[in-house]
Amino acid sequence: MFKTIEWKDNKVIMIDQRLLPTQEVYRKYTDFLDVAEAIREMVVRGAPAIGVAAAMGAALGALDIKTDNKNIFLKAFERVCDVMAHTRPTAVNLFWAIERMKKVVKKNHKFTVEELKQKLVQEAKTICREDIEINRRMGKHGSKFIKNGDTVLTHCNAGALATAGYGTALGVIRAAVEEGKKIKVFADETRPFLQGARLTAWELMKDKIDVTLITDNMAGYMMKKGVIDLVIVGADRIASNGDTANKIGTYSVAVLAREHKIPFYVAAPLSTIDLKIKSGDKIPIEERDKREVTHIPAPASIKQGKDIQIAPDNVKVKNPAFDVTPNKFITAIITEKGAAKKPFDKSLKMLFSR
Ligand code: MRU
């Protein structure tokens, strides 16, 4: 089985998701600036995975600070955290993980610089390990929504590749399969970055889970034909009222699901819920490079720069990476502490106090 991200011998090791599904290449990082670049460039992506990467990047950055003076160390560590925080804006897990790293420093101010560095490394490893445990718990809570024989539609990749392992939306599917249920999955290809085609299809096939790939514009037709029993997606940030930011196209799937009376579930850890944000319109939406829309990346076997152009030179382009699904379209939000139903402003808060 592949590992999405790992801390080994003071290095961060990540599978390069840009090369999947044709090449399984692991990159080693020793410089936090390169980890920041890897998050920006989507070597690693998916909300919980970029949280883990940010924490490990911060730990790498801390190891690299060459001083015994605590004040100098603290200032330099702030700067490291700042760099990590300016990689991608939407997934709140990234900021949540950086906050956890900062808390380690605040809580242990009596320790030496060397001891602090070791504590930061430990915290990054803990965040990584806990993420897998959380996903397994989420899977157990969510699998009850899937019946034997169901076909599940998912959008983007909310699997092992988007987390430290097991996955959120795909974790729920994995848990149902582990319980012996016969499940089929339909994966939207997820233009423009093709996380569904390249990543979801790849990891489900590796696990021998029955997956059928469709283009995004086929979802409505499949629903109308009665092929889809339920939808499960992940999330990048959930506002306190349940409005959910996830990969661009999720909103359209949710509207289609409502029209066809198909339940629509979001699976996400509590670290994706941003209680400070009251509604979805306050969630910052990342706008990515127009080239993701105007070009199809060259297969990994072809040299860089040979991307295939599919739109006219200089065409105007919009490329928001996420959209927001209003809470009214969401049947339940599945977390590691159980599932929340409407009204979400009450039920989500209750989960935090469990
Ligand atoms: O741009 P990406 O690939 O980082 O977007 C990922 C998604 O939108 C996922 O669905 C979300 O992060 C949930 S991952 C468990």
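A cavity here is a set of points on a 1 Å grid, over the protein atoms alone, where a 1.4 Å probe fits but cannot get out. Grid points are joined across faces, edges and corners, and a volume is the space filled by probe spheres set on the points. This is a predicted model, where local features need pLDDT of at least 70 and side-chain atom pairs count only at pLDDT 80 or more, while totals for chains, interfaces and linings use all residues. Residues are numbered from 1 along each chain as its sequence is written, and side-chain values use heavy atoms, with hydrogens and water left out. The structure has three cavities of 30 Å³ or more.

**Largest cavity**
- It holds about 220 Å³ of space.
- Its lining (residues with an atom within 4 Å of a point) runs to 28 residues, with R45, G46, A47, N157 and D236 closest to the centre.
- α2 (47-63) and β9 (244-247) each give at least two lining residues, and α2 has the largest share with three.
- Helices (H or I, at least four residues) and strands (E, at least two) are DSSP runs, numbered from the N terminus.
- The lining splits into 13 nonpolar, 10 polar and five charged residues, with Gly counted as polar.

**Second largest cavity**
- This one has about 80 Å³ of space.
- Among its lining residues are W96, R100, E130 and D131.
- α5 (113-142) supplies the largest share, four residues.
- Its lining has five nonpolar, three polar and three charged residues.

Definitions and conventions
On a 1 Å grid over the protein atoms alone, a cavity is a set of points where a 1.4 Å probe fits but cannot get out, and a pocket is an open set with protein on both sides within 12 Å along at least five of seven lines; lining residues have an atom within 4 Å of a point.
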